[in-house]
Structure formats: C-alpha cells, structure tokens
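Reader: I am new to this structure, and I would like to understand the terms used to describe it. Could you show it to me and take my questions one by one?

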Amino acid sequence: MKLFSLKRTPMDERIVHTRNMLYKEAYIIAMLLCFVSLVAKYIIYGPNIGVVATELIILMLSALYYGMRSVFLGLYSDEVEVHDRTSKLSMSKKNVIWGLGFGIAIAVFLGIRSAVVYGDGGVQSLWYFIIVLFASLMMYVPFFVGIMAIGHTLANKL
C-alpha cells in the first residue's frame, strides 16, 4: 500500500533548469519590488519603522530562509569549497574584509554625521569627528568581523 509515495516521472534536465531560472528571476523581482516599496515609504512617510515593517520582515525572513536552507542542504559548504579552489582569497578572509569594510563605513558615516549635526564648525567639528570615528571603530569593526567570521565558520561546519 503506497499511500504517501509520490510517483516520480523522469523530467528533462533542460526543463528543470529553465524552471529554476524562472523561479530565481521571480524571486529577484519580488525582492526588488519589496526594496523599492521600502525606500518609497521611507521617503514619503519618514523614518517610521511601523510603516516599513512588512517590507523589512519579508526581506529579512526570505534571506534567513535561504541562508538556513543552503546551510542545511550542504550547498553553502560546497559553494565555499568551489570558491576557495578558484579564488586567490579564501571565503573566510573575504568575510573578514567585508566585516572590516562595514565597520569602517559605519564609523566614518557616524563620525561625519556627528561632526555636521553637533559640531559648531572648525576644530570642534573635527574633534567630534575624530572622537566618534574612533569610538565607532572600536565598537563596530570587532562586531561585524566577529559576526561575519563566526557566521561563516558555523555555516561551513554545519
């Protein structure tokens, strides 16, 4: 008695590949529309998190789902292995560089913002920029490097 067995008929590999390509394109279009909606609502309504919460949830959950599925199916470690064979920099080094870049970018942005918003000009603005830049570097660089490196290591081990 085969109540729950699915009858698998062989499918043409070209059809499966084309269908997967269409699903990928539809996913990308949906994510772009969601992002455009998020930006438009942010511009129209201002920085109100309640207005853009739906778009943020959709973007975050879809990325989280894709990441978890690729890790649990072993796709992530296979991609890392192929990348490490073909690239000069290993994926772990690239993740550290990306984390460092994100941390520096946020620190520079916050330093410039504090100098412009809170500084009265001249030396005081420069001093605010330097203080906020170094304080932000001490907080954000280790945070992002740690998140990127630990996340990569855990995903690769699983």
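Author: What follows is a set of questions about terms, each answered from its definition. This is a predicted model, in which local features need pLDDT of at least 70, side-chain atom pairs count only at pLDDT 80 or more, and totals for chains, interfaces and linings use all residues. Residues are numbered from 1 along each chain as its sequence is written, and side-chain values use heavy atoms, leaving out hydrogens and water.

Reader: What makes glutamate 55 and lysine 41 a salt bridge?

Author: A salt bridge is a side-chain nitrogen of Lys or Arg within 4 Å of a carboxyl oxygen of Asp or Glu. The closest N and O atoms of glutamate 55 and lysine 41 are 2.9 Å apart, and by this rule the count comes to one salt bridge. Because glutamate 55 lies in helix α2 and lysine 41 in helix α1, the pair ties together parts that are 14 residues apart in sequence.

Reader: Why is glutamate 55 called buried?

Author: Buried means under 20% relative accessible area, exposed over 50%, and partly exposed in between, with a 1.4 Å probe and protein chains only. Glutamate 55 has 7% relative accessibility, so this residue counts as buried. Lysine 41, with a relative accessible area of 27%, is therefore partly exposed.

Reader: How do you know that tyrosine 118 is exposed?

Author: Tyrosine 118 is found in helix α4 (residues 91-118), and its relative accessibility is 51%, so tyrosine 118 counts as exposed.

Key. Helix = DSSP H or I, 4+ residues; strand = E, 2+ residues; numbered from the N terminus.
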